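Visitor: I have a structure on screen and I am new to this. Please show me how to read its features.

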Amino acid sequence: YQQVPLASAELDPARPSSLTIDGRRFANFDHVLIAPALSAAAIGGEAAVVFAGYGLEEPGLGLDDYRGLDVKGKIVAMLWGTPAGLPSEVAAVLNRDKAELAARKGAVGVLTINTPVRDTVASWSAQADGGRLPRMRWIAADGSPDEANAPLGLSATLDRTAAEALLAGSPLGGGNLFRLIADKAHRPRGMALPARVRVDRFS
């Protein structure tokens with residue numbers, strides 16, 4: 001047998017986590033999902049938001065969702081998953097590495113926007129049930145938990161209601177983004193959003 005030290009974190013029920021969009025507060029599990037963090041017991045902050053399509057970058061496949069976008073010190077909003085038409089094994093790798101890519105570009109958080117495709121894979125209630133479970137990571141040799149994307153402390157998943165609040169006042173608001181991605185191969189262009197977002201996460 002091999003001993004593997006693990007660190008575990010769960011949400012603090014005495015201090016509910018929340019996401020606030022231009023003053024409109026969404027409690028955790030009410031249109032937003034905020035997972036516990038292992039890097040700190042409490043994480044809070046506010047930042048501007050940049051929409052980056054599906055959050056992908058692979059020049060060989062014509063994917064460059066960050067082109068012309070400055071996301072350093074900002075929160076990146078991106079669609080869940082990948083556009084249609086990519087080989088499944090390539091799509092899986094690109095989807096897995098999206099958060100790491102955002103962190104490398106200097107983002108401080110990622111807001112993942114649920115899509116209709118995501119809702120067919122797992123309902124919002126099922127996603128919320130999963131979000132209530134403790135988060136576990138193995139502990140590295142230096143004693144810190146293996147949390148590669150710790151810089152992305154201001155992160156959450158948004159359902160359509162919260163996403164529309166986030167997109168309000170932009171060309172993607174008013175249902176426009178969801179109309180565009182009804183064509184599963186469509187790749188919406190990135191842009192800065194007028195909203196400012198605050199995330200308060202308590203583990």
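Visitor: Take histidine 31. Is histidine 31 buried, partly exposed or exposed?

Guide: Start with the cut-offs. Buried means under 20% relative accessible area, exposed means over 50%, and partly exposed lies in between, with a 1.4 Å probe and protein chains only. Histidine 31 has 24% relative accessibility, so it counts as partly exposed. The model is predicted: local features need pLDDT of at least 70, side-chain atom pairs count only at pLDDT 80 or more, and totals for chains, interfaces and linings use all residues. Residues are numbered from 1 along each chain as its sequence is written, and side-chain values use heavy atoms, with hydrogens and water left out.

Visitor: Where is the place of histidine 31?

Guide: Helices (H or I, at least four residues) and strands (E, at least two) are DSSP runs, numbered from the N terminus. Histidine 31 sits in the loop between β3 and β4 (32-33). Its phi is positive, about 80 degrees, although histidine 31 is not a glycine.

Visitor: Which value does phi of aspartate 22 have?

Guide: Phi of aspartate 22 is near 50 degrees, a positive value in a residue other than glycine. Aspartate 22 is in the loop between β2 (18-21) and β3 (24-27). At 54% relative accessibility, aspartate 22 counts as exposed.

Visitor: How do I read proline 13?

Guide: Find the loop between β1 (6-9) and β2; proline 13 lies there. With a relative accessible area of 76%, proline 13 is exposed. Now compare sequence and space. Proline 13 and leucine 86 are 73 residues apart along the chain, and their C-alpha atoms are separated by 41 Å.

Visitor: And lysine 98: buried or exposed?

Guide: Lysine 98 is buried, at a relative accessible area of 6%. Look for it in helix α2. Lysine 98 and tyrosine 54 are 44 residues apart along the chain, with 8.5 Å between their C-alpha atoms.

Visitor: How do I read a salt bridge?

Guide: Side chains of opposite charge can pair when their charged atoms come close. The rule asks for a side-chain nitrogen of Lys or Arg within 4 Å of a carboxyl oxygen of Asp or Glu. By this rule there are nine salt bridges. One of them joins lysine 74 and aspartate 70, with the closest N and O atoms 3.8 Å apart. Lysine 74 is partly exposed at 24%, and aspartate 70 is partly exposed at 48%.

Visitor: Why are glutamate 164 and arginine 160 separated by about one helical turn?

Guide: Because they are four residues apart in helix α5 (residues 160-167). Arginine 160 is partly exposed, with a relative accessible area of 43%.

Visitor: Which residue forms a salt bridge with aspartate 200?

Guide: Arginine 198, with the closest N and O atoms 3.1 Å apart. Aspartate 200 counts as buried at 16% relative accessibility, whereas arginine 198 counts as partly exposed at 33%.

Visitor: How do I read a pocket?

Guide: Rolling a probe the size of a water molecule over the atoms shows where empty space is left. On a 1 Å grid over the protein atoms alone, a pocket is an open set of points where a 1.4 Å probe fits, with protein on both sides within 12 Å along at least five of seven lines; lining residues have an atom within 4 Å of a point. Grid points are joined across faces, edges and corners, and a volume is the space filled by probe spheres set on the points.

Visitor: What volume does the largest pocket have?

Guide: About 1,000 Å³. It is lined by 36 residues, and the closest to its centre are Ala35, Thr112, Arg135, Ser155 and Thr157. The largest share of the lining, three residues, comes from α4.

Visitor: And the second largest pocket?

Guide: Its volume is about 260 Å³. Its lining includes Ala52, Gly53, Asp64, Arg67 and Pro188.
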